[in-house]
Amino acid sequence: MLRLIVWQSGFCPYNAYMNSVFVPNIPAPESDTVFMREALRLAEQAAQAGEVPVGAVVVKDGQIIGRGSNAPISRHDPTAHAEIAALREAAQHLGNYRLVGCELFVTLEPCAMCVGAMFHARIARVVFGARDPKTGAAGSVLDLFAETRLNHHSRLQGGVLAPECGKVLSDFFALRRAQQQRKDLPSPHPSPSGRGG
């Protein structure tokens, strides 16, 4: 089976620039950028809720049928990734857990759990923004899309709006680090008991 993998130059969420190692700089179709911008909007919503900013949409015949934002912290659910939420909403919309002919757009390279769910749903094409060098399962850490023993494969394109997708993540983690540093600073006016406040 022929597998198309396209990487565009872009910004990695950990402040490192990456370049294509497969196919250099093939421009994304206009519709890909439109759908990725909607995923970015959902990522921003996740960030405002204190979640790692990842957003995803599922598209069928040019229409968004599922949306998701990261929510594992607020839902106390390790499976509440943006991709899983978007897949669930799309499956409800279609009345079928098989999402044949659908595409999934996500701002961050999906993890192994999410790729597995995409394969079970029979997603035809996966498009992601920034690479994830810590848990990415589309080539960064491992490549489930290249695993020939799996019974379903999706077409894959990475790097769509990667600079914007990476910036949302970088800005979120920079803010988190700054908040943690402020929290770790000693109080300028310690209480008499030495416990602060």
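Predicted model: local features only at pLDDT ≥ 70, side-chain atom pairs only at ≥ 80, totals over all residues.
**Salt bridges**

The model holds 7 salt bridges.

| Pair | N to O distance |
|---|---|
| Arg 37 and Glu 164 | 3.8 Å |
| Glu 38 and Arg 67 | 3.0 Å |
| Asp 171 and Lys 167 | 2.7 Å |

**Arg 37 and Glu 164**

Start with the salt bridge between Arg 37 and Glu 164. It links distant parts of the chain. Arg 37 sits in helix H1, which spans residues 30–48. Glu 164 belongs to helix H5, residues 162–184. The two partners are 127 residues apart. The closest N and O atoms lie 3.8 Å apart. That pair counts as a salt bridge because the cut-off is 4 Å.

How accessible is Arg 37? Its relative accessible area is 46%, so Arg 37 is partly exposed. Glu 164 has 32% relative accessibility and also counts as partly exposed.

**Glu 38 and Arg 67**

Helix H1 supplies Glu 38 as well. Its salt-bridge partner is Arg 67, with 3.0 Å between the closest N and O atoms. This pair, too, links distant parts of the chain. Arg 67 lies in strand S5, residues 63–69. Glu 38 and Arg 67 are 29 residues apart.

Is Glu 38 buried or exposed? Glu 38 is buried, because its relative accessible area is 16% and buried means under 20%. Arg 67 is partly exposed at 34% relative accessibility.

**Asp 171 and Lys 167**

Asp 171 and Lys 167 meet through their side chains, at 2.7 Å from N to O. Both residues are in helix H5. What separates them along that helix? They are 4 residues apart, which means about one helical turn. Asp 171 is partly exposed, at 43% relative accessible area. Lys 167 is partly exposed at 47%.

Shared partners also matter here.

**Ala 49**

Now the loop residue. Where is Ala 49? Ala 49 lies in the loop between H1 and strand S4, the latter covering 55–60. Is Ala 49 buried or exposed? Ala 49 counts as exposed, because its relative accessibility is 56% and the exposed class begins over 50%.

Ser 74 is 25 residues from Ala 49 in sequence. In space, their C-alpha atoms are 8.1 Å apart.

Note on methods: Residues numbered from 1 in each chain as written. Heavy atoms only, no water. Helix = DSSP H or I, 4+ residues; strand = E, 2+ residues; numbered from the N terminus. Buried < 20%, exposed > 50% of the residue type's maximum accessible area, 1.4 Å probe, protein only.
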